[in-house]
Amino acid sequence: MARDILNEFETIHDEAAAVDVAHKVKIGIIGCGWIAGAHIIEYLKMADVEVVALADLIPGKAEVFAEQYGVKGARFYASGHEMLENEQLDGVSICTYNTQHAPCAIDALEHGVNVMLEKPFTVTLDEAIEVMKAEKKSGKILTIGFQPRMSENIRMIKKIIDSGELGKVYYMQAGGGRRRGIPTPYGTSFIEKETGGIGAMGDIGCYTLDMLLNAVGYPKPLTVSGYASNFFGIDPENYPGHPEYAEKFGVEDFAAGFIRLEGGIVLDFRIAWAMNMDTCGDTLILGTKGGLRIPSMSCYNGDLPAPMKIYKNVAGKKVCFEVPKDEAPDLFFKKLRSFVDAIKNGGEATVSSKEIVINQAIIDAILRSNEAGHEVEVVIPEV
Ligand SMILES: NC(=O)c1ccc[n+]([C@@H]2O[C@H](COP(=O)([O-])OP(=O)(O)OC[C@H]3O[C@@H](n4cnc5c(N)ncnc54)[C@H](O)[C@@H]3O)[C@@H](O)[C@H]2O)c1
């Protein structure tokens with residue numbers, strides 16, 4: 001009898017867990033910008049969470065944020081450090097721009113506080129290693145905010161590979177990217193070197209890397225030949241109404257990398273905030289027994305514009321079938337709930353630093369290779 005392949009990939013939905021309301025988790029938020037809004041909306045839905053403190057470097061921003069989202073009784077601080085010095089917190093959401101991820105995470109861990117750190121992990125590999133040392137010393141939870149991990153569509157990619165249907169995976173080509181989409185709706189914190197530190201790779205490329213690397217078990221990178229450019233970021237025409245942003249642009253708007261991974265897998269990666277093309281194409285995973293086509297997508301929301309397709313040869317015939325796509329609801333709730341549950345139950349980080357340091361090492365190596373003009377080796381120090 002023929003195998004019912006599709007049912008082997010059947011989705012298992014998360015069950016909503018009952019919460020112990022008597023045990024409240026005290027949370028602080030560092031950085032009250034755009035993404036902090038996504039965090040507070042979800043925390044406020046949790047009967048066992050109290051958001052007790054809000055911090056932002058911009059005077060008055062935390063107070064306005066509390067008013068906007070209806071946060072009652074929170075204390076306000078002029079920096080993450082001041083908050084950590086004055087509060088007894090169970091956990092913090094670090095929602096600062098990228099260059100403040102490492103200092104804030106190290107500070108929180110040194111104060112014995114569990115950390116939900118927004119993506120990207122850090123700006124450089126060295127910073128990621130320093131955060132991991134603080135994590136190890138503290139014994140606290142550090143989880144990195146990759147909400148697509150909560151999407152059934154993204155989980156399905158890993159399930160398909162783990163099922164063996166594709167055989168040995170030897171090549172992965174990353175697609176996606178934006179035609180025009182340099183993120184400046186709320187100012188320039190994503191595009192300045194001082195605040196963003198890294199550009200398209202830290203904003204959206206890190207999602208593609210996580211999707212693919214997680215699917216194949218996060219093998220270590222060995223060598224990287226990388227390229228990065230900024231042709232669109234420095235062009236005032238790309239900022240209608242704000243031509244001055246072009247002079248502030250200090251990161252990459254496009255990057256590509258040819259990455260050799262342990263286990264004989266090659267990753268052909270590219271990402272764009274802007275380019276003269278609609279998309280870098282679909283994401284392809286090639287294995288010895290099958291291939292998977294993932295339609296060009298914005299990985300951050302875990303959604304697919306169309307079903308994924310598996311290509312195989314069956315009894316001498318070329319066959320192709322669709323993997324039914326799922327909805328990807330409540331990703332931010334699931335991401336923050338898993339953090340709160342780990343704090344309450346002594347669990348582990350859902351998205352661990354041990355995995356994401358590899359993601360960071362690749363971004364770091366693409367920029368090093370671009371600077372050097374040749375392939376570079378990747379060595380990730382042990383922590
Ligand atoms: N997971 C997602 O889907 C998602 C989406 C958007 C952004 N992000 C990430 O979230 C982070 C923030 O993005 P954003 O759009 O909210 O940026 P933003 O610039 O709007 O907000 C960042 C805020 O942090 C504050 N800040 C910086 N350092 C601080 C410190 N030491 N103490 C207190 N406050 C500090 C800034 O003053 C600013 O108000 C970025 O790293 C970004 O990559 C994640």
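Tutor: Start with a definition: domain bounds come from an automatic or database domain assignment. This is a predicted model: local features need pLDDT of at least 70, side-chain atom pairs count only at pLDDT 80 or more, and totals for chains, interfaces and linings use all residues. Residues are numbered from 1 along each chain as its sequence is written.

Student: Which domains divide the protein?

Tutor: Domain 1 (25-147 + 332-351) and domain 2 (148-327 + 361-377). Their centres, taken over C-alpha atoms, are separated by 26 Å.

Student: How many residues of domain 1 are in contact with domain 2?

Tutor: Contact means that C-beta atoms, placed from the backbone, lie within 7 Å. By that test, 16 residues of domain 1 touch 16 residues of domain 2.

Student: Where does the ligand lie?

Tutor: Both domains give residues to the shell around the ligand, so it lies between them. A residue is near a molecule if its C-beta atom, placed from the backbone, lies within 6 Å of it. Of the 28 residues around the ligand, Gly31, Gly33, Trp34, Thr96 and Ser189 come nearest.

Student: Which helix gives the largest share of the shell?

Tutor: Helices (H or I, at least four residues) and strands (E, at least two) are DSSP runs, numbered from the N terminus. Helix 2 (residues 34-43) gives the largest share, 3 residues.

Student: In what order do the strands of the open sheet run?

Tutor: Two strands pair if DSSP finds at least two bridges between them. Here 6 strands form an open sheet, ordered 3-2-1-4-5-6, with parallel pairing. Strand 3 (75-77) and strand 6 (142-145) are the edge strands, each pairing on one side only. Strand 2 (residues 49-55) is joined to strand 3 by 3 bridges. Leu54 has Phe76 in strand 3 as its bridge partner.

Key:
Contact = placed C-beta atoms within 7 Å.
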